[in-house]
Structure formats: C-alpha cells, structure tokens
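Please consult the sequence and the structure shown below while reading.

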Amino acid sequence: MMRYQELSYWLSSVDGSLTPRPALPGDADADVVIVGAGYTGLWTAYYLAAADPTLRITVLEKEIAGYGASGRNGGWCSALFPTSLPALARRHGPDRALAMQRAMQETVREVGRVVAAEGIDCDWQPGGTVVLARTEVQLGRARAAVAEAREYGLDAEDLVLLDAAEATARCAADGVRGGTYTPHCAAVHPARLVRGLARAVERRGVRIFERTPVTAVRAGAAVTPAGVVRAPVVVRATEGFTPTLPGQRRAVAPVYSLMVATESLPAETWARIGLAERETFSDYRHVIIYGQRTADGRLAFGGRGAPYHFGSRVSPGYDREPQVFAALRRVLGELFPVLGPDVPVSHTWGGPLGVARDWSASVGLDRTTGLAWAGGYVGDGVGTSNLAGRTLADLIRGVPSDLTALPWVNHRSPKWEPEPLRWLAVNAGLKVMFSADDAELRSGRPSRRAAAFSRLLGH
C-alpha cells in the first residue's frame, strides 16, 4: 500500500487517517460521475449537491482524495489566473477580461466562506500576496504590473506598488528594492482543505470511491477495472494526470513543480523574516518561485525547474529531483540569509500540474455528449478550481449565470505538438527562462529572449 503521508509535508500533517475509502464494487448508475477527487472534482460535487440534493453524484479517484496537486501545492488560494488581462482582452474585450479577474477575486472570499461554513480546519489566513522586486529589472516589472492593473480598471484596493521599506516590512528578504501587494490571496493548508472538502461532500450524499482508476472516459460512462459507471454527464477533473487517459495525451502538458519545507523556525528568526500576516510571497524573476509561512512556523517554498518528461509521462519517480531541491534550498538561503548556508529542510516533494498549449485554463460542457471538463490551471488551481466547480454546477444544471458567461467557459485550447516537438518546446522554454534570469542579474537589463518567448505563449 502506498504511504500517502510521504507525498508532501501537507499530507504528512493532516488530521485523521489517509486510509483509502472503499473502491467501486461494480457497475453503477449516476446522474453525474466525476473523474478525480481533487479540488476540481470535489468542488463540482459540492456545489451540485448543494443546488440539487436529489442528484446522484459519484466521484471516482485512482488513489485518495488529494493525492494529486490538491495535496501537494504551495497553499495559495489566490485570484491569479494563468492568462493575462491583456491576452484575455485581446480575445474577448476588456470588459470580459475584467469580469474574469473580479470573479477570481470573489472566489477567494467564497472559499473562505465555505471553509467557515463547513468547519474545515485548514489554517485559512487571508494575508494577501507580496511579490518582491530584488533588481532594477524586477522593479520595472512591478511598476508595469501596477500600470497594467490600472489600465484594466483595478485600483489600489486590488494591487499596490510598494517601495523598498514597505515591501521589506512585509517580507524582509535580502536586497529588496520594492514590490507589489494584493489582498486577494489566502494562505491555506491545502491537504486539510481537500480532505475536509471530501468529508463535506459525503455529508451531502455524494459517493466517493477511492483506489478506483478510470481507464477511459466516454459519452455516458466512466470505465474502471471494477466496473462501468453510467451517467448522462461525465466530468473530467484530472489536471496534470489528464494525459494518462486515452485520447488525452496532448490535451495538457504535465509540468512538475517541486517544494521544500523547513523545520519550524524560532520566533526570533520570524522576527527577521516577517510575513507576520502569513502573506504568501514570490518575486519578479521569470522562473516562478512561491512560498508561505505555515501555521506551525515553517517556510514552505517551491518553484519550477524540473524537466518535462517525454510523451507527457507522469510517474511517482518524477516527484523528486535532487538538483531542483538543492536549487530551492539555495534560493531560499539567498532570499533569507538568516536561515544560514544550510537551510534546515525537513520535507521535500513535488508533483505535476497541467499546462494547456495556449496557457489558458478552461471549463466547459459539451451538451451533445455530456462530457464536461475543467483544468489547465498552470499552478493556480487552488482558487481557480473553486470557480470551475461553481461554473460546472451551473452548466450541468442548465442554469445561465454570470459564471457561465465568463470568457474561459467552453474555451478549447489547441493540442500540444506531437513528440519530440513537445519535449523540445517545453524544456527549451524552461532553459530560456533560467538563462534570462541569469542574464538579467549580470547585465541589469531585461531579457529580449524571455520577452519573445512570453509573446509566443500569448501572454
């Protein structure tokens, strides 16, 4: 039996047992069958059951609820959406772009509401996000981010520019020159959230079958080795594991993100680091880093950097890349020298996230087949999955709403290129961003190669 508590610090510190629920016993019928018991699948089940308690809803999960990204992420419930406001405005107009952003902001508050209403103990702390600028180039990006926000109708209540003193007061990393702050984010213990959500949907009558791998999704059915679950609506909520389903190999690229967590740090160390309101934090480099101060006083810190694996392969062996863990420790030590040259790491882990070819998350329902989907969150899924679940609940029930009118609804991303082009493109892009960060540190000038690559992605 897999030791699920070893998959992440978060899963090692949940309340209660990780013993799997019973598997599907055989063929079954439902009104809605959902493939995947992560945030997307469980939020969809939650809002469907709340809106119509008579619905027969079944959730099928290969391992346990929260096995995937929902139990391994950075714990940011944010209003971040992977497609930029300018890109959304080019495709759909500025008003719909702003509506998408406002919906994401409201989503953070909605998750907090459900956490309180359902009594989910997940260390919820709406402390916002500080993004640091530690070079003049990064400070230029911070200014540009605020200017862009103003252009699309967001004000100082949404995003504010910080000077060096203001940014350092929130997060006292080394060499801070400024940054930005948004209140639209909460730090959360992600595994406690997903495990609590699973219990909440069961209280509403939803059936969850674990250790039940789905081998095929088709109109009217989800197929497993134990039997077929027949339903008029089948929801694919598999994110980074989507390429393991037949016919979905090129739907998203499973890109790995890895994390480390320190031991609990003493109060005097936190007095020098800051994050007094448990702000989540990042900076304006190209290769994404992200962190939070956990409720038990650890620094949980992650970033990209692991390679994409040929053929969109997903394997537990890819969750651990010693070179990436070493790089994360080095960056953490550079950010916070108070941690010393050998950062005291207690846990290391990782897992795949889903990246669509156009970097656009989407949610939708094909009414001719009854097949529904949501995903492609590019690592921003803690909040976005809640919006997806609420939207799918409206789409499945046939209820027009402000949510079903959002621009990501029924968006169809193009497929990724066949191999070896996919492998070459994803890993080449990663190298471009790493080299751009290095070049900017040396020259003090923005990288043209990184800007060109960003335009290629549609940002």
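## Backbone features in loops

Arg211 is placed in the loop between strand E9 (207-209) and strand E10 (216-218); helices (H or I, at least four residues) and strands (E, at least two) are DSSP runs numbered from the N terminus. Although Arg211 is not a glycine, its phi is positive, at about 50°. Arg211 counts as partly exposed because its relative accessibility is 37%; buried means under 20% relative accessible area, exposed over 50%, and partly exposed in between (1.4 Å probe, protein chains only). The model is a predicted one, in which local features need pLDDT of at least 70, side-chain atom pairs count only at pLDDT 80 or more, and totals for chains, interfaces and linings use all residues. Residues are numbered from 1 along each chain as its sequence is written, and side-chain values use heavy atoms, with hydrogens and water left out.

Asp123 also has a positive phi without being a glycine, with a value near 55°. Its position is the loop between helix H4 (94-118) and strand E5 (129-133). With 21% relative accessibility, Asp123 counts as partly exposed. A further backbone feature is the cis peptide bond from Glu419 to Pro420, whose omega is near 5°. Pro420 belongs to the loop between H10 and H11.

## Aromatic pairs

Eleven aromatic pairs are found in a search of the whole structure. Rings of Phe, Tyr and Trp (its six-membered ring) pair if their centres lie within 6.5 Å; planes under 30 degrees apart count as stacked, over 60 as edge-to-face and the rest as tilted. The pair of Phe81 and Trp408 is edge-to-face because the planes stand at 85°, with the ring centres 5.8 Å apart. This pair links distant parts of the chain, 327 residues apart: Phe81 is in the loop between strand E4 (76-78) and helix H3 (85-92), and Trp408 is in the loop between helix H10 (381-397) and helix H11 (421-443). Phe81 and Trp408 are both buried.

Phe281 and Phe336 form another edge-to-face pair, at 5.6 Å centre to centre and with 85° between the planes. Phe281 and Phe336 are buried. Elsewhere, Tyr4, Tyr67 and Phe241 are linked into a cluster by ring pairs.

## Charges over rings

The charged end of Arg170 sits over the ring of Tyr181, at 3.7 Å from the ring centre. A charge sits over a ring if NZ of Lys or CZ of Arg is within 6 Å of the ring centre and within 35 degrees of the ring normal. Likewise, the charged end of Arg357 sits over the ring of Trp416, 5.2 Å from the centre.

## Overall form

The protein chain contains twelve helices and 20 strands. Its C-alpha trace spans about 60 × 45 × 45 Å along the principal axes. Of the 459 residues, 59% are buried. Among contacts (heavy atoms within 4.5 Å) with a separation of 6 or more, 76% are between residues 24 or more positions apart.

## Annotated domain

An unreviewed UniProt entry carries the annotation "domain: FAD dependent oxidoreductase" for residues 31-395; such annotations may be inferred rather than shown by experiment, feature names are shortened, and positions are given in the numbering used here. In the model, residues 31-395 are 33% helix and 25% strand, and the end C-alpha atoms of this span lie 14 Å apart.
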